[in-house]
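Keep both open as you go.

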Amino acid sequence: MADAAVAGYAEALFSVASVEGDLSAVEDELFDFAQAFRSNDELRTTLADDNVPAARRLQVVDDLLDGRASATTSSLVAMVVGAGRAAELPAIVDAFIERSAASRNKAVATVRSAIALTADQRERLAAAIRTSTGKDVEIRVVEDPSVLGGVVTEIGDDIIDGSVRRRLNQLRESFR
Amino acid sequence: MRNQRNRLLAAPLLALVVLVALAGPASASGDSVGACMAEHLEAHGELDSHLLHDEAVQDELEKCFEAPSPILPELNEIIWGGGAFLILFVLMVKKGFPAVQGAMDARAERIRSDLDEADRAKLDAQSVKSDYEARLADAKAEASRLIDEARGDAEKVRADLVARAEADAAGIRERAAAESDAAKAQAIADLRAEVASIALGAAERVVQSSLDAEVQGNLIDAYIDEVAGADG
């Protein structure tokens with residue numbers, strides 16, 4: 001049921017964004033908003049709380065995105081939050097981005113790194129992934145200080161972990 | 001019974017016959033001395049002094065002085081006495097003897113019955129006694145068996161308790177040893193984890209301090225090269 005709802009909302013977002021004609025920009029803005037939603041407990045609690053009036057939640061969305069995102073992005077976020085699906089927003093955004101990439105015959109590679117990747121690094125990483133997996137991917141970078149160093153790439157259920165954190169964890173395991 | 005009765009009748013009849021047979025002499029000398037002398041003198045005619053000095057007459061008169069039998073009664077007494085005796089005897093035979101005989105038979109029968117009853121009672125008592133003795137023997141055997149059984153049960157319980165106590169003690173010792181080993185292992189593991197944590201914390205701080213932008217970029221480049229080098 002939840003998966004069906006996520007897929008349905010993702011499809012709706014994709015349809016609206018496609019019609020509005022700024023699909024790539026909407027993808028980037030929704031991805032950034034989803035990352036902020038994941039990392040900010042207060043924001044997550046406020047938008048997912050059914051006891052908070054819908055108008056108040058929409059006002060929060062409007063305050064956050066006003067001037068920082070397109071009208072299409074704001075409307076789509078407001079639609080999801082207004083429908084009481086804020087808790088599923090990250091999953092809906094992920095599904096939407098995968099749906100958009102699929103429309104271009106590409107997969108989504110979520111890359112977590114301690115620092116942002118340069119454009120060159122993104123291109124080389126996409127090429128390297130294509131070489132190793134045979135998939136055309138679009139790189140989505142998430143800055144995650146817990147990685148410490150290196151990169152963790154997630155493509156669907158596949159994970160390529162080259163982080164310093166993993167090596168420290170391996171070291172920790174070897175001590176046991 | 002009949003022989004006894006015949007013998008009883010024969011004795012008085014024999015006595016009666018003897019009395020009648022001996023009644024003759026008694027009746028011959030049964031008159032008084034004066035009558036006897038008068039009779040003899042009259043037989044010799046007229047009485048005179050010569051007659052009294054005649055030796056033959058004196059001998060006859062001497063006989064009159066002979067005393068009557070001290071045993072034999074007079075004939076009439078014998079007749080009356082014998083008649084009375086016969087009447088009494090017949091009455092005794094007809095009435096008294098059957099009554100006495102019946103009483104004696106009844107008494108003998110009662111005594112025999114009492115003896116039989118006593119024998120039966122004795123037999124019954126012996127039977128009861130043997131029954132009680134048998135029951136007593138059974139009770140003693142049962143009591144002995146119960147005692148043996150109880151003793152066996154007690155021994156079994158004691159053995160079980162001892163075995164259980166030994167098993168419990170062994171279990172406690174094993175658990176104590178296992179807990180001791182586990183505590184020892186846990187302490188070693190905790191110590192090792194603590195040392196590892198301290199070492200890793202120090203390593204992480206060193207790594208973080210050494211991860212400047214250049215190093216980060218190099219790590220990302222190395223990662224990209226690694227992914228590109230990996231084949232499928």
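In what order do the elements of chain A run from the N terminus on? They run α-α-α-α-α-α-β-α-β-β-β-α, which gives chain A 8 helices and 4 strands. Here helices (H or I, at least four residues) and strands (E, at least two) are DSSP runs, numbered from the N terminus.

A word on the source: this is a predicted model, in which local features need pLDDT of at least 70 and side-chain atom pairs count only at pLDDT 80 or more, while totals for chains, interfaces and linings use all residues. Residues are numbered from 1 along each chain as its sequence is written, and chains are lettered from A in the order in which they are written.

Of the 176 residues of chain A, 33% count as buried, that is, with 20 or more other C-beta atoms within 10 Å of their own, the C-beta atoms being placed from the backbone.

Now to one helix of chain A, H5(A):

| Feature of H5(A) | Value |
|---|---|
| Residues | 71-82, 12 residues |
| Span, first C-alpha to last | 16 Å |
| Expected span at 1.5 Å a residue | 16 Å |

The expected span is 1.5 Å times one less than the number of residues. Among the buried residues of H5(A) are A:Leu76, A:Val77, A:Val80 and A:Val81. After H5(A) comes A:Gly84, with a positive phi near 80 degrees.

Finally, the two chains meet: 23 residues from chain A and 21 residues from chain B take part in the contact, where two residues touch if their C-beta atoms, placed from the backbone, lie within 7 Å. On the side of chain B that touches chain A, H7(B) gives the most, with 10 residues.

Terms used
Buried ≥ 20, exposed ≤ 12 C-beta atoms within 10 Å, placed from the backbone.
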